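Dear colleague,

I am handing over the structure we spoke about, with the sequence alongside. My notes on what was found follow below.

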Amino acid sequence: MGQNPIVFLDSVETEMNSLQTLNPFDISNISIVKPKKAKKLLGDKGLDGAIYVTTVKAAKVIYWNYLSSKSNEYGRLFNSPQADTTAQYILNGEALSDSASSGSLFLINDKNFKTINVIDKEDGKYLMDNVIPKRYIIVITAKRPKGLLKKKN
């Protein structure tokens, strides 16, 4: 990275010092774009690279819009990004914590999405063992997004 990378907060160009006011728990994702690729994407503005910061709130809107477009049932049950408090997300067999879900789910797009299945535990057909305390289980399969680091066990 160069001395003056261009900074975006929720896709809006901003100053580096504006990031200092953010609560770290409000940040969903930070992506660094190296100078060569940033210059290709942004022209001379990207000469020193780029930093993209996505907040939890923006990430929720992104993944809610995407998942609603892929599942009518999902869109019907969760009519806004904030309405999924009764949902447990499972991505590629791994249960996501509420705090981690936005960081993982907002990276899903048409290049990596495979399937979504909404399970209502009230139907009595699935998972009545009370291991998952939420009413709905959203099972998603997707290819691992390029560049996403695999977490260590």
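Is Pro 24 buried or exposed? Please bear in mind, before the answer, that this is a predicted model. Pro 24 has a relative accessible area of 61% and is therefore exposed, the cut-off for that word being over 50%. Pro 24 belongs to the loop that runs between strand E2 (12-14) and strand E3 (27-33), and although 31 residues separate Pro 24 from Thr 55 in sequence, their C-alpha atoms are 9.3 Å apart in space.

Next come two of the helices. The axes of helix H2 (residues 56-70) and helix H4 (residues 98-105) come within 8 Å of each other and cross at roughly 60°, which means that H2 is oblique to H4. The crossing in which H2 passes H4 is left-handed. On the H2 side the contact is made by Val 56, Ala 59, Lys 60 and Tyr 63, while H4 contributes Ser 101, Ser 102 and Leu 105; of these contact residues, 4 are nonpolar, 2 are polar and 1 is charged.

Finally, there is Ser 71, which sits in the loop between H2 and helix H3 (72-77). A polar atom of the Ser 71 side chain lies 3.0 Å from the backbone nitrogen of Tyr 74, and, if neighbours within four places in sequence are left aside, Ser 71 is in contact with Ile 116 and Val 118.

Technical notes. Residues are numbered from 1 along each chain as its sequence is written. This is a predicted model: local features need pLDDT of at least 70, side-chain atom pairs count only at pLDDT 80 or more; totals for chains, interfaces and linings use all residues. Side-chain values use heavy atoms; hydrogens and water are left out. Axes are lines fitted to C-alpha atoms, for helices over the stretch in contact, and angles run from 0 to 180 degrees between N-to-C directions. Helices (H or I, at least four residues) and strands (E, at least two) are DSSP runs, numbered from the N terminus. Angles under 35 degrees count as roughly parallel, over 145 as roughly antiparallel, 65 to 115 as roughly perpendicular and the rest as oblique. A crossing is left-handed if the near helix is turned anticlockwise from the far one by less than a right angle, and right-handed if clockwise. Contact means heavy atoms within 4.5 Å. Ala, Val, Leu, Ile, Met, Phe, Trp, Tyr, Cys and Pro count as nonpolar, Asp, Glu, Lys and Arg as charged, and the others, Gly among them, as polar. A polar contact is a pair of N or O atoms within 3.5 Å; within protein, one must be able to donate a hydrogen and the other to accept it, and residues adjacent in sequence count only if both atoms are side-chain atoms. Buried means under 20% relative accessible area, exposed over 50%, partly exposed in between (1.4 Å probe, protein chains only).
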